[in-house]
Amino acid sequence: MGDSGFGGLSFAKRQRGGISMRLLFSYVSDWLALCVVAGISAALGNITPHMRPFSLSSPDIAFPFTEHELVPSYLLLILNSIVPIVVILVVTLILVPGTTVPKGTPSGLIWRRKMWELHVGWLGLALSLVSAWAFTQCMKNLFGKPRPDLLDRCIPDIEHVAKYVVGGGLAWGDNNGQLVSAAICTQKDKAKLDDGFRSYPSGHSSSAAAGLIYLSLFLASKFSVTIPYVMPSPAAAASAVTGNKAFPSRFRSNADPYEPARVPTAPRNDAAKDDDMYDEFNQNMKVQSLRRQAAAPPIYLLAITVLPFGVAIFIAGSRWHDYRHTGFDIMFGFAMGTITAIYAFRYYHLPIRVGAGWAWGPRSDERAFWAGVGRLGFVGEDEETGYHPQPRMDRETAFAAASTSYPAMTSGVLTQRPVTNIPEDTDEREVGLQRQASSVYDDVELRHISPPPPIAETEETAAPRV
């Protein structure tokens, strides 16, 4: 309840066409938090890791040191960060908000949607990369596992092995592998030696998966590339037709969006009640209708979507080729990067199968930094005080708007305002009132930032005075 005053103030600012500084700063703080974590991760790469004892007779760490890597660090940075940044920028500017924008939509509204999709696209990428990097750096320093090329890096002091033996095991003369400490190494390049104890997990693998699998998910979302599926219910199919459009409050359609509802059924009279052909006919019609609800995307779109994933696999495999990691190091790093990519994508984007390529909208001003107990999520007004600011409108317009306005939102379930189709038999005056009322707000995410001004009563829509 303590934030109700801020919520009222921020709404007043939005009514005047401004942007809530509280909401803006909350997203600036997200970027600052990621920068802090990235800085800490970079610092962890410059400290001396734990150096696990090793055996001079182990063939697992006796591989040669590769001077020229297939994917050096600078190329990894280009592939897992720069390329996704550019691709997200190009795709967002070209494809968003798509072909579902109604005619007459203000260009400012379109560009705000573009900028929001671009912002969360980059923010999700940063979250994925920074998370994977932070986990990887911490684990590398903690475990201190020797790389497969450690002995070539180490240049051990063979003449004084006995001085560096640690733990038990057989004597050196038996050549069966007593463990020695890292102090046996005579390598003068400290950075090269320290890096020899950072085998687990693979940083190339985790970073490549974090950046490029995130890009694959982003492209799959924008290109609608997914395995064909059927809507779980007629209601879900009907709501998806308008709810997934760019600006659903500006869309009107009296067409039935659910395919089975348009399918005729076989007539059934009393004489045909026992006829099996009745059930067979309707079952076939249902199957035919089911087949028309989804289709496989074109293969070229699938290829574009999978390409970043293939590049990530190549980068991970190059670490085996260069003798930098064992197979387990590579697989664990890749799995960790995949998890952060999926999590970061879903953190800011709707599910690919039902989201129509959209990102989640912004947080509410009142919950920009905190939701608290009893509130489901970070979208909604101040329910506790009953404060739900609404623009001014006349009595009949308010009545017509009741069928299309939002309930108090306490969760992220509703992402777009439901729109009620106008029946064909509605008189023209009532149609005008409903359309005027439904244009009060644009979609939810932009209403948080800058709603349109209150509507004015016109001669056409004015109620008759008694």
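Modeller: Buried means under 20% relative accessible area, exposed over 50%, and partly exposed in between, with a 1.4 Å probe on protein chains only. This is a predicted model, so local features need pLDDT of at least 70 and side-chain atom pairs 80 or more, while totals for chains, interfaces and linings use all residues. Residues are numbered from 1 along each chain as its sequence is written, and side-chain values use heavy atoms, without hydrogens or water.

Colleague: Okay, Lys222 first: is it buried or exposed?

Modeller: Lys222 belongs to helix α7, which covers residues 203-222; helices here are DSSP runs of H or I, at least four residues, and strands are runs of E, at least two. Its relative accessible area comes to 14%. That sits under the 20% cut-off, so Lys222 counts as buried.

Colleague: Which side chain does the side chain of Lys222 make a polar contact with?

Modeller: A polar contact is a pair of N or O atoms within 3.5 Å, one able to donate a hydrogen and the other to accept it. Leaving out residues up to four places away in sequence, Lys222 touches (heavy atoms within 4.5 Å) Val91, Leu95, Val96, Glu117 and Gly357. The polar partner, at 2.7 Å, is the side chain of Glu117.

Colleague: And Ser55, what is its relative accessible area?

Modeller: Ser55 is found in strand β1, residues 54-55. Its side chain makes a polar contact with that of Ser57, at 3.0 Å. Ser55 is also classed as buried, because its relative accessible area is 10%.

Colleague: Back to α7: how far apart are its axis and that of α11?

Modeller: The axes are lines fitted to C-alpha atoms over the stretch in contact, with angles running from 0 to 180 degrees between N-to-C directions. On the α7 side the contact uses Ser205, Ser206, Ala209, Ala210, Ile213, Tyr214, Leu217, Phe218 and Ser221, while the α11 side includes Ile330, Gly333, Phe334, Met336 and Phe345. Helix α11 covers residues 327-348, and it packs with α7 at an angle of about 35 degrees, with the axes apart by 7 Å.

Colleague: Zooming out, how much of the protein is buried?

Modeller: The secondary structure comes to 15 helices and 3 strands. Of the protein's 466 residues, the buried share is 42%.
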